[in-house]
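Good morning, and thank you for making the time.

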Amino acid sequence: MTTIATTSLPAGVQRPGYDRAGLKSRVVHIGFGAFHRAHQAVMTDRVLNSLGGDWGICEVSLHSAGLLQALRGQDHLFTVLEKDGNGRQARIIGAVNESVIAAIEGIDAVLEKLAEPQVAIVSMTITEKGYCIEPGSGELDRANPRIQADILHPEAPGTVPGLLVEALRRRYARGLKPLTLLSCDNIPGNGHVVKRAVLGLAQARDPALAAWIEGHVSFPATMVDRIVPAATDETLAEITAILGVEDPCAIACEPFIQWVIEDNFVAGRPDWQRAGAQFVADVAPYEEMKLRMLNGSHSFLAWLGNLAGYQHISDCMADPCYRAAVAGLMAREQAPTLRLGADEVDLAAYAARLLERFANPELKHRTWQIAMDGTQKLPQRMLDPVRWHIAHGDVYPLLALGIAGWMRYVGGRDDLGAEIDIRDPLRDELRRIVDTSPEGEPRVRALLALRQVFGAGLADHDGFVAAVTQAYLGLARNGAKATVAAALPAGD
Ligand code: NAD
């Protein structure tokens, strides 16, 4: 079969300009999803193109096999298509040099790969739920049956924290060098999250191992940004037309890319700054900016847009009321809550750029995709800013509307009566609440009682409950479009 590895590609397609035979698996990555392909793999490929070197990536899959099998069939090469209203550029990424698929080679093969001496970084994009953290407390979720299984059978782990602890145990027992665990997921303090998950499990197993990990392994935090929608048949057909050959691993994304990283790598790293990454002492303020301004606005558009029947974020942005509402959300209710000073970031320019990026008609980023896993996303994207406003005696009508939008969304029907396929780690719990609590105020109260999402405090705060209930009742009575229009800040 002809693949991108065996055919000659059109001249406009950029290819790796370095010697791939010299690559070693110095980075092992867990989660060959859409984002990793268009972000960390691209950044590493840029470094290799500019400096050469041997920083190859070994891709690991714990659950599925299909995509990595396809990748193997094309010599681990894949295509990234960057596009917006101004044009498009296809690039073949060559930074991946091998892969291990647990479903085929077994979990021990994955563990042995992680325990190879040259491995310096284990990076991951496994989504929020991959860390098995309780969203409200930020601690390892010991009630999670998969974590319990990993505590009982640590040598054959089924979760990422379990995998990392067993791999580190092997390195420790063999006297190998420690490495860096690099989370590239959108979670506040992602470095701390992976550290807490790993140390929590290691402590349960062997305090000496936990002490070695704490003293030797590093967990730098990162802020990652690039909008990378899941690939659709349409995207893949567009890329086939450009390449002249199919690439089932191809992905399309926007041209914008940003990566802010805490410079704390115990076993070295690629010179990612050559690719545009920014190394800083403290990532937290950048992360907070991105989670609240970008992700918080994305969730607002996704829940309220999906309810109104808008399939894509760009469809929401074509509605002047949604555009104005999300601009108001950023300027009035998210930006003031941030720690970054005006000398570090021009927040008005950042927000304007975000509005432009959201409106990119080429991306077809589905509201349904962004709307999923709301219980994991709400705390950092909307609830923390609400707490800031409460502490500062401020109002937050658009945040309340976004939260109420999530509550309507998990009700399972949009404003046109169509059923919504709810995806969430707490889906069963959400369904039980929706089935047993009457529509209206009782439903709002029942959802607010989800302590692992809302924590203590908010559910008992009269002003918060009233603001969310009012927004919810507006959505139920008038639908999302009318409620968003009515919520526009004065003057917009
Ligand atoms: P995706 O669905 O394409 O990929 C998710 C990957 O995570 C898959 O490889 C899947 O196998 C793996 N995974 C999921 N649950 C897991 C678990 N329990 N254990 C181990 N692996 C698991 O999603 P994506 O768009 O690539 O997003 C991945 C991460 O990147 C998310 O945290 C997301 O917030 C972040 N991110 C995405 C974008 C974007 O635009 N797509 C932008 C910035 C950050």
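**Charged side chains and a helix pair**

Arg170 has a relative accessibility of 8% and counts as buried, where buried means under 20% relative accessible area, exposed over 50%, and partly exposed in between, with a 1.4 Å probe and protein chains only. Before I continue, please note that this is a predicted model, in which local features need pLDDT of at least 70, side-chain atom pairs count only at pLDDT 80 or more, and totals for chains, interfaces and linings use all residues. Residues are numbered from 1 along each chain as its sequence is written, and side-chain values use heavy atoms, with hydrogens and water left out.

The partner of Arg170 is Glu112: the two form a salt bridge, with the closest N and O atoms 2.8 Å apart. By salt bridge I mean a side-chain nitrogen of Lys or Arg within 4 Å of a carboxyl oxygen of Asp or Glu. Glu112 belongs to helix α5 and Arg170 to helix α7, so this pair links distant parts of the chain, 58 residues apart; helices here are DSSP runs of H or I with at least four residues, strands are runs of E with at least two, and both are numbered from the N terminus. Glu112, at 29% relative accessibility, is partly exposed.

A second pair is Glu288 and Arg339, whose side chains meet at 3.0 Å, N to O, in a salt bridge. Glu288 sits in helix α11 and Arg339 in the loop between α13 and α14, 51 residues apart. Glu288 is buried at 11%, whereas Arg339 is exposed at 52%. Shared partners also join Asp108, Glu112, Glu166, Arg169, Arg170, Arg174 and Arg205 into one network of salt bridges. In total, the count comes to 32 salt bridges.

Which charged residue is buried yet has no salt bridge? That is Arg381; its nearest side chain of opposite charge, Glu128, is 4.2 Å away, with Lys and Arg counted as positive, Asp and Glu as negative, and His and the chain ends not counted. Arg381 is located in helix α16, residues 374–391. A polar atom of the Arg381 side chain lies 3.4 Å from the backbone oxygen of Asn295.

Finally, helices α13 and α16 pack at about 45°, their axes 11 Å apart. Axes are lines fitted to C-alpha atoms, for helices over the stretch in contact, and angles run from 0 to 180 degrees between N-to-C directions. The contact (heavy atoms within 4.5 Å) involves Arg332, Glu333 and Gln334 of α13, with Arg381, Pro385 and His389 of α16.

How values were computed: Polar contact = N/O pair within 3.5 Å; in protein donor to acceptor, adjacent residues only side chain to side chain.
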